[in-house]
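Please work through the following exercises with the sequence and the structure side by side.

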Amino acid sequence: MIWWAAIALFQQTIALDIPSKNPNTSEADVAAGKKLFNGRCAGCHGPAGEGGKGANLAVPRLTRAQEDRALYRVIRYGVPDTEMPASLMDAHEIWQVAAFVRTLGRVQSVAVTGDAANGASLFKGKGGCIGCHTVGLEGGRSGPALSGVGARRGAQHLRAKLLDPSASVPENFRMVHITTRDGKTIRGQQLNEDTFSIQLRDGADRFHSLWREDIAAITSERKTPMPSYKGRLSDSEIDDVVAYMASLRGDQ
Amino acid sequence: MRLLLLCALTLGAQVTHERLLKAESEPHNWLTYSGNFAGHRYSPLHQINTSNVAKLKPAWVYQTNSLQKFETTPIVVDGVMYITESPSHVTALDTKTGRTLWRYRRPMPDDIKVCCGQVNRGVAILGDLVYVGTLDSHLIALDAKTGAVRWDTNVIDYRAGYSITVAPLALKDKIVVGIAGGEYGIRGFLDAYDAKTGKRAWRFYTVPGPGEKGNETWANDSWKRGAAATWVTGAYDPDTNLVYWGTGNPGPDWNGDVRKGDNLYSDCMLAIDADTGKLKWYFQFTPHDVHDWDATEVPVLIDAEFRGAKRKLLLFPNRNAFYYVLDRVTGQFLLGKPYAKQTWAKGLDDNGRPMRNENTAPTVQGTVVFPSVGGANNWYSPSYSPQNQLLYIAVREAGHIYYFGEAEFKEGEQYNGGGFRSIPGEPEWGAIRAYNPTTGEAKWEFKMSSLPFSGVLSTAGNLVFGTTGEGQVFALQGDTGRLLWRFQGGGTARGNAMSYMSGDKQHVAVTIGNSLYSFVVE
C-alpha cells in the first residue's frame, strides 16, 4: 500500500510542478503551437483566435490566464462550467500552444477615441443599456452581463454590436416560446436543454424546467431583443459608449 | 462428488477460448469487449424488459479518481467485473456491491502522446489472465485473482507517438491488440501476442513497406508516416478464422498533397488470418481520405439472407456517413448507402468506391463538408439484436469547416496538416436509429438534441440502451424506438453499455461522467 501512496504523491508532485514561465517560446515553438492550435483549438476559437463558440483570444489580456501558469492550466484542465474541455496534449505541446496564443494578443487593436465618462452616462441614461445588461451591482438581466466585456471583446466588435446587434447573437442566447400540454404559455431565455428537458428564465426572472413530453409546442428564435443604436445615438455618442464598454474590465 | 464440483468450479474460473466462442450460452457474463466475437453488443438477458425497465435504479456507483474521459466497457466473469480507468489502470470490482477486489495502478511517464484524452476502453480476459494495453504502449497480463503482473511486453516505443487505448481481443491462444497514434505520423500495425508468455506471434503493418503490395499507393516516402492506426476492437469469425479489424485515417489528417495515392491500408476493413497474421482481404472505404474519417468502428458479423442467398455478412456504419455491407469471406462489396447527412460523395460505384463531389477537400480558407471530423459514427459501438433482426446505431448529424495546413513531420509531434471548426449557426444533433441490416433502411428513429459520444446496447428484453452528451442514459423499446426510461448520471456519457447477472439480478452497466453506474430493477 505504501508504494501506491508514493506513486500518488509522485504524480501529484508532477501536477504541481508547472513552471511559472512558459519554457517553450522559441519561434519554432510558436510555429508548432500554431499547428496544434489549428487542429485542436480553432474549431471553437477561430483560426486567428478571433472567437466564436469559444472566447476571443486575440485580446491583450486573457482574464482567466494572465500568467503563463494560469494559461497552461486553462489549456490543460479546461474551464469548469464552460464548453472549454481539458486538453489532450502533452506538457510540451500545451506550452507551444500557449506560446502561440500569447502572439494573438499582440494583434493591433483599434484605438478607442471616445469619452468613457460620457459613455457611462449614455449607457445608463439615453441609451437605456442598463435596463437589460448587468454592470457590477446595477442593471437588468435579459441581456448578457457586461461587467468584464472590455477584457473579452475588442472595440471593433463592440461597435459592430451596437450598430447591428442581430449580426452575431451569442450561441447560448436563445429566446423560446413554450406552450405546455395543459395550456400554459411561457416565454423566456433558454438556459439549458437536452434530449428530454428544457430550462429557461422568464421575463420576471423565474426559472422553469419542463420535460419535453409536457410541451405541446416550442418555438425558438436566435433573434436579439436588442435594438440597433444606429441613428438612436450620434456617431460620437457611439464612440463614447464603446469607450465606456472597453473600459469595463471586470474589476473595480 | 464434492471433488468433482470443486473441479468444475476451478475449471469454471478459467476463461477458455471455448467459452469465448459460446459467450451467448453464459449471458450472466460479459466476456469480450462487444459481448461476443461477432461484435453484436447484445445481451440475451431479459429479466429487465419493456414491462419493468421504468423501475430501473442504480444498484451501485463506482467513481473513478480521474477527470479524464471514462470509456471502459466492463468485462464480467462469474461475479467479478474488470474495468480500466485513466490512464491505464485496471480495477476488479464485486458485481453485487461495486466494492473493489483489487487494483492495478501503473505510473505513467509525463510525456505520453495522445490526441484525444488519456483513455482506455477495457480489458480482455483469457485463462486466468486479464490483459490491458497502456498509454505508454505496453501490453500487460495481470493475474485475474490478484492483479499481479504476470508479464509486461513493450509493444513499441511510445515516444514516437504511439499509445494503446483499445480493449485487446483474446482468441485461441493469442491476444490481438491494436495501436493508436494516427495524429502523430506513426506507422500503424495490428499485433498478436502469445497469451501465456507475452511473446509476439505476428505483426501486420497497416501501411505496407517498400516492395510490399500497396506501398505504391503512397507518394515518395510518405508511407513511413502513413498512420492507419488500429484503435478500436475488431471482431472474429471462427469459421473463416479471420480477425476483422478497422484501420484509421492516413497521416497527416487534412493535407493529402504530401501523400498522393489511395494510401492503403488506411480507412480499411482488414481480414487477417488469426494464426499467421497474413492479410486475406481488405476493403478501403475512403481512399485518400482528407477528412480524418477513420474506419475504426466495430464490425458486426451476421449470417443472413442477402438478395436471396444466405451469406456471411459484415455490417459497418462508417464514420464517412455511408453504411456498408460486405461479404466477410471474400471482402466483396454488397451494399453501401448514406445513413446520415453527407456532402462529399455522389454515391458509391459498383465496387463500393466513393464517387467524390468536386471541391470537398480542405482548403486554407475552409471547406464546409458533412459529416464532421467526428463522423456519422465514431468508435461508438453499434448493436445487433437477433431478436428483432435490427441493427442499432447512435448516429451523429453534423458537418465541419475543414482547413488545409502545412504538414511538417517531427517525430513525437502532432502531424495534422490542417484543422477544423464547427459551422456557425448549424445545428448538430443525434439519433438512435434502427436499421434493416441487409437493406440499410431505417425502421425507426429516436431523436437526440445533441451529438452522442457513445454507442448502444440491445438486450433480449426488447430494449436498446443509449446515452447522451448531457449525461443521461435511457432505454428504448427495441422494435419501436419508444422511450421507456431515462436517468441523469451527471456528466457526458462516453462508454458503451453492457449487461450481466449478479446473483439472480440482471444489471445494466455504463460509464457516465466519471462514474460507472450499475442499474437493476428493485
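**Exercise 1.** How many bridges join β12(B) to strand β13 (residues 189-194) of chain B, and do the two run parallel or antiparallel?

*Solution.* This is a predicted model, in which local features need pLDDT of at least 70, side-chain atom pairs count only at pLDDT 80 or more, and totals for chains, interfaces and linings use all residues. Residues are numbered from 1 along each chain as its sequence is written, while chains are lettered from A and ligands numbered from 1 in the order in which they are written. Strands are DSSP runs (E, at least two residues), numbered from the N terminus, and two of them pair if DSSP finds at least two bridges between them. Five bridges join β12(B) to β13(B), and the strands run antiparallel; within this pairing, B:K174 stands opposite B:D194.

**Exercise 2.** Describe how β11(B) is joined to β12(B).

*Solution.* Strand β11 (residues 169-171) of chain B is joined to β12(B) by three bridges in an antiparallel arrangement, with B:A170 opposite B:I175. The hairpin has two residues between the strands, and in it B:K172 takes a positive phi near 50 degrees.

**Exercise 3.** Why is β12(B) described as largely enclosed by the rest of the structure?

*Solution.* A residue is buried if 20 or more other C-beta atoms, placed from the backbone, lie within 10 Å of its own, exposed if 12 or fewer, and partly exposed in between. Five of the five residues of β12 (residues 174-178) of chain B are buried, so the strand is largely enclosed. B:K174, B:V176 and B:G178 point one way, whereas B:I175 and B:V177 point the other way.

Note on methods:
Helices (H or I, at least four residues) and strands (E, at least two) are DSSP runs, numbered from the N terminus.
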